[in-house]
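Me: I would like to go through this model one feature at a time. For each, give me the general idea and then the case at hand.

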Amino acid sequence: MGIVLTSLSVHGPDREVAEVLFHPRRQLIRGPSETGKSYIYDCLWYMLGGNDLPETFPLTQGYQEFRLRFKASEGEHEVRRGLAGGA
């Protein structure tokens, strides 16, 4: 079956959860310039093992953790990765 991404979210105390839901059969992210498409790509890259944190900008302040949910043959899973600390 492989892996199917279901959602990407960012969490922080006193911050509303920001979440992108992925359709199981569509993988296209589109929209006008400067709306966050590249940021989503950078976050996914980081969550899938990249070393570089996504760039910060004013709306990212206060968030502390990314969560990536996916389905695989053995069920649904969630990977969490902090945005600071942990050398």
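Me: How many aromatic pairs does a search of the whole structure find?

Reply: The model is predicted. In it, the search finds three aromatic pairs. One of them joins Tyr 39 and Phe 57, edge-to-face, with 5.2 Å centre to centre and 80 degrees between the planes. Tyr 39 belongs to helix H1 and Phe 57 to the loop between H1 and S3, so this pair ties together parts that are 18 residues apart in sequence.

Me: Which residues make up the largest nonpolar core?

Reply: In soluble globular proteins, nonpolar side chains tend to be buried together. In this model the largest nonpolar core has eleven residues: Leu 8, Val 10, Phe 22, Ile 40, Cys 43, Leu 44, Tyr 46, Met 47, Tyr 63, Phe 66 and Leu 68. S1, H1 and strand S3 (65-72) are the elements that give two or more residues to this core, and H1 gives the most, with five.

Me: What does Leu 68 touch, not counting residues up to four places away in sequence?

Reply: Its contacts are Leu 5, Ser 7, Leu 8, Leu 44, Met 47, Leu 48, His 77, Glu 78 and Val 79.

Me: What is the volume of the largest pocket, and what lines the pocket?

Reply: Rolling a probe the size of a water molecule over the atoms shows where empty space is left. The largest pocket holds about 670 Å³ of space. It is lined by 26 residues, and those closest to its centre are Tyr 39, Cys 43, Glu 55, Phe 57 and Thr 60. H1 supplies the largest share of this lining, six residues. By class, the lining has 14 nonpolar, six polar and six charged residues.

Me: What is the volume of the second largest pocket, and which residues lie nearest its centre?

Reply: Its volume is about 340 Å³. Among its 14 lining residues, Phe 22, Arg 26, Gln 27, Leu 28 and Ile 29 lie nearest the centre. S1 and S2 each supply at least two residues of the lining, which divides into ten nonpolar, two polar and two charged residues.

Terms used. Residues are numbered from 1 along each chain as its sequence is written. This is a predicted model: local features need pLDDT of at least 70, side-chain atom pairs count only at pLDDT 80 or more; totals for chains, interfaces and linings use all residues. Side-chain values use heavy atoms; hydrogens and water are left out. On a 1 Å grid over the protein atoms alone, a cavity is a set of points where a 1.4 Å probe fits but cannot get out, and a pocket is an open set with protein on both sides within 12 Å along at least five of seven lines; lining residues have an atom within 4 Å of a point. Grid points are joined across faces, edges and corners, and a volume is the space filled by probe spheres set on the points. Helices (H or I, at least four residues) and strands (E, at least two) are DSSP runs, numbered from the N terminus. Ala, Val, Leu, Ile, Met, Phe, Trp, Tyr, Cys and Pro count as nonpolar, Asp, Glu, Lys and Arg as charged, and the others, Gly among them, as polar. A nonpolar core is a set of buried Ala, Val, Leu, Ile, Met, Phe, Trp, Tyr and Cys residues joined through side-chain atoms within 4.5 Å. Buried means under 20% relative accessible area, exposed over 50%, partly exposed in between (1.4 Å probe, protein chains only). Contact means heavy atoms within 4.5 Å. Rings of Phe, Tyr and Trp (its six-membered ring) pair if their centres lie within 6.5 Å; planes under 30 degrees apart count as stacked, over 60 as edge-to-face and the rest as tilted.
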